[in-house]
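Here are my notes on this one, point by point.

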Amino acid sequence: MIWQAWTEEYGYSDEQSIARSPLEGVEKSSAPLTETTTPFLAIEQNATPEEEHYKEAGKGEKINVTTDVLDIVINTAGGTIEYVSLKKYPISKKDTDNKVVLLRKKEQDDFYLIQGGVLSKTNKITPDTVFSADNKSYVLGNNESISVPLYHVSEEGVSTTKIITFYKGQYVADVTYKIENQSQETWAGRVYAEIVRTKQKERESRFIYTYTGAVVSTPEQRYEKINFDDIEDDDLKINAVNGWVAMLQHYFLTAVIPDKKEEVYTYYTRKGSDRGYIIGAATPTKEIIAGDRETLSHRVYFGPKDQKEIEKIAEGLSLTVDYGIFWFIAKPLYWLLDYINSFTNNWGWSIVLVTVILKLLFYKLSAAGYRSMANMRRVQPRLVAIKERYQDDRAQLNKAMMDIYKKEKINPLGGCFPILVQIPVFISLYWVLLESVELRQADFVLWINDLSVADPFFVLPLIMGITMFVQQKLNPAPMDPVQAKVMSVLPVVFTIFFAFFPAGLVLYWVSNNILSIAQQWAITRNIEKTSSYATTKK
């Protein structure tokens with residue numbers, strides 16, 4: 001918990017962090033935009049969209065769109081996607097009628113939107129620009145896709161058609177701008193899209209931290225977090241090809257993905273009005289001669305962090321399932337968990353079987369550690385006697401203890417190293433269980449019908465506390481009375497902590513503890529038998 005709190009505030013070095021000024025960001029990881037002879041764009045070609053209003057425009061109409069997986073509301077003011085509900089993701093098992101609302105526009109201090117427009121002298125389109133629409137309601141039905149066209153014509157004669165297309169069974173939409181220059185002059189401009197939201201009001205759990213904030217991806221750095229404080233402190237501006245931007249929260253994300261990977265886009269962050277935090281992407285400058293037309297597009301994603309699906313949408317998008325520093329271990333573990341689940345069709349039993357496989361994988365290493373602890377437990381009475389004898393002579397005490405270790409061929413640190421080697425694997429599995437949306441509201445057995453929330457009757461945490469107590473009894477007790485008292489309290493403390501942890505995590509810990517107890521008991525019993533036989537023979 002301390003580590004997570006520290007990394008949240010200070011976890012980025014100067015080399016890894018977002019540049020402190022826009023110019024530094026461009027110099028570090030960007031390619032220059034194409035030069036243009038148009039004076040307007042020569043000045044503003046690197047500029048991000050001007051700050052607009054994010055309150056209710058008051059002059060737009062709402063368009064309702066229904067697909068098999070989404071309920072969407074689009075405002076004709078700016079063509080803003082201001083509401084997205086995920087029909088296959090209930091808020092909880094107890095409240096299945098109400099679905100997760102990812103995008104929303106409730107009030108001034110709580111909103112989460114996808115908006116965009118056009119930066120140009122002749123037909124600037126902002127979130128306040130009102131489009132006309134053919135209908136106020138669209139239903140996908142049996143179709144494979146459905147498109148919502150919005151129309152706008154500037155006073156100069158430049159017409160813009162914004163088309164938002166949704167697909168059957170998908171959480172991705174294509175946003176296309178068809179710009180037709182019917183004026184007498186060459187049109188020049190660029191299209192932008194941005195995600196704007198307020199901070200999350202409260203965390204899902206006081207004991208578990210998952211990242212909520214922005215992410216920018218470029219070929220130089222595929223996954224770079226930008227928290228809300230970073231956005232508030234400084235603007236970011238990076239020019240790069242083949243990138244994307246996103247806003248993350250536990251289990252779900254929203255992303256803007258450029259359509260043309262080979263072109264140089266501008267990725268930016270800025271602090272908006274009304275406590276909004278913005279991350280966006282803008283196309284390079286385009287020119288359309290009089291009488292010609294151009295199509296500019298991008299994709300947006302709003303849905304679960306389903307690794308199998310999002311990795312098909314954009315390179316590196318699956319990194320939004322954040323496994324931390326041991327991601328290279330976590331990804332194979334997720335694959336194993338998912339593979340086992342394809343046979344069990346039960347994520348709970350899959351967790352148990354993965355734990356068994358890991359214990360078998362580390363069996364010999366664990367055995368060495370347990371053997372060392374068993375030997376330490378065997379000589380514990382002698383060590384206590386020596387401590388009482390030489391309690392006033394620290395040097396003699398240490399020498400006598402080392403003599404015993406040498407005679408009995410015991411390494412006092414032998415039980416630590418095998419555990420340290422396994423820690424990265426256990427941490428990786430912890431993050432796999434915490435980050436995988438597949439475990440959200442997944443059934444196990446009996447009363448545990450959601451592995452992503454705490455055990456409602458606290459049975460698993462109690463079992464975990466009992467198994468931890470049993471493990472302590474199998475280990476040599478600390479010779480320091482104060483340490484011994486602290487260790488005796490730990491099972492109670494951890495039981496309280498784990499009472500608030502997701503049941504899937506506690507299930508893994510309980511399974512691991514039970515298997516460890518069985519292995520340690522067998523090894524300790526064997527060593528004690530061998531020792532008793534040797535003593536009797538003498």
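1. Some ground rules before the sheet. Two strands count as paired if DSSP finds at least two bridges between them. Helices (H or I, at least four residues) and strands (E, at least two) are DSSP runs, numbered from the N terminus. This is a predicted model, with local features needing pLDDT of at least 70 and side-chain atom pairs counting only at pLDDT 80 or more, while totals for chains, interfaces and linings use all residues. Numbering starts from 1 along each chain as its sequence is written, and side-chain values use heavy atoms, with hydrogens and water left out.

2. The overall picture. The protein has 14 helices and 20 strands. Of its 538 residues, 52% are buried (under 20% relative accessible area; exposed is over 50% and partly exposed lies in between, with a 1.4 Å probe and protein chains only). Among contacts (heavy atoms within 4.5 Å) with a separation of 6 or more, 67% are between residues 24 or more positions apart.

3. The sheet to look at. Nine strands form an open sheet, antiparallel in its pairing, in the order β6-β8-β9-β10-β20-β16-β15-β12-β13. The edges are β6 (132-133) and β13 (224-226); each has a single partner strand, so one side of each lacks a neighbour in the sheet.

4. Follow Val216 in β12. Strand β12 (residues 213-217) runs antiparallel to β13, joined by 3 bridges, and Val216 has Glu224 as its bridge partner there. β12 is also joined to β15 by 5 bridges, again antiparallel; in β15 the partner of Val216 is Val245.

5. What about β15 itself? On to the next strand: 5 bridges join β15 to β16, antiparallel, with Ala246 partnered by Ala255.

6. Check the backbone at Tyr251. The hairpin of β15 and β16 has 2 residues between the strands, and Tyr251 takes a positive phi near 80°. Most residues other than glycine have a negative phi. Tyr251 is buried too, at 5% relative accessible area. Phe458 also has a positive phi, near 60°, in the loop between α11 (417-435) and α12 (459-474), but Phe458 is partly exposed at 41%.

7. The cores. A nonpolar core here is a set of buried Ala, Val, Leu, Ile, Met, Phe, Trp, Tyr and Cys residues joined through side-chain atoms within 4.5 Å. The largest has 112 residues, and Ile74, Ile81, Phe166 and Phe302 touch the most other members. Its largest share, 8 residues, comes from α11. A second, separate core of 8 residues includes Phe111, Leu119, Ile278 and Ala282.

8. One loop detail. Asp95 lies between β3 (80-90) and β4 (99-107) and is partly exposed at 25%.
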